[in-house]
Amino acid sequence: MSLLQELQDRSGNQCELCASTKNLSIYEVPPISTGGVDGSILACEHCIEQINNPETVDSNHWRCLNDSMWSEFSAVKVVAWRMLHRLKKDGWSQDLLDMMYLEPEELSFAQATGDHLDESEKIIHRDSNGAILQAGDNVVLIKDLKVKGSSMVCKQGTAVRRISLDPENAEYIEGKVDGQNIVIVTKYVKKL
């Protein structure tokens, strides 16, 4: 059975957020989606467009979260939680957030994108040129770096693929070099 078929069966062939039956497609929940049924939802084109473009959010459309936030499926609850946080300036949204409960692993999945933070609270990682780094980016070292606690030296020009970001410090990223996971200071890398 295909993923689309499984999601259609699970949702009754309707958007798992607003219950629309038109223009449905698979939406993999970022940033660490496991894909498959547990990491995806069936959503309409209108919901997906607003999820991907926060500046186009229509607050009244998302009143449907009053129902979908109670879904038994984690991916649906995570998207509902994120959208409610985007809309928390509206009183009704904050009321729903106050009622909502997520298991600890669901909450950490929901917070992984930082959608719940105000712009002033977000930690932004920048490379040596000021370019914004995101999880999964590839970078190159701009100088030789000695790895603390080992005899390893990472040479200038070494590519570090699929970095991850330190959620608490904007100066640190992590990546693999020669099969070893290391922490790198952002001022010594350039985004590819």
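In the loop that runs between α1 (3-11) and β1 (24-28) lies Asn13, a residue of the present model, which is predicted. The phi angle of Asn13 is near 55°, a positive value in a residue other than glycine, and at 39% relative accessibility Asn13 counts as partly exposed. The loop between α1 and β1 also holds Ala19, whose phi is near 70°, again a positive value in a residue other than glycine. Ala19 has a relative accessibility of 41% and therefore counts as partly exposed, since that class lies between the limits of 20% and 50%.

A buried position is found at Ser93, which has a relative accessible area of 0% and is placed in helix α5, comprising residues 91-99. When residues up to four places away in sequence are not counted, Ser93 touches Leu84, Leu87 and Lys88.

As a whole, the chain contains six helices and 11 strands, and its C-alpha trace spans about 55 × 40 × 30 Å along the principal axes. Of the 192 residues in the chain, 37% are buried. Among contacts between residues at least 6 apart in sequence, 55% join residues at least 24 apart.

Key:
Residues are numbered from 1 along each chain as its sequence is written. This is a predicted model: local features need pLDDT of at least 70, side-chain atom pairs count only at pLDDT 80 or more; totals for chains, interfaces and linings use all residues. Side-chain values use heavy atoms; hydrogens and water are left out. Helices (H or I, at least four residues) and strands (E, at least two) are DSSP runs, numbered from the N terminus. Buried means under 20% relative accessible area, exposed over 50%, partly exposed in between (1.4 Å probe, protein chains only). Contact means heavy atoms within 4.5 Å.
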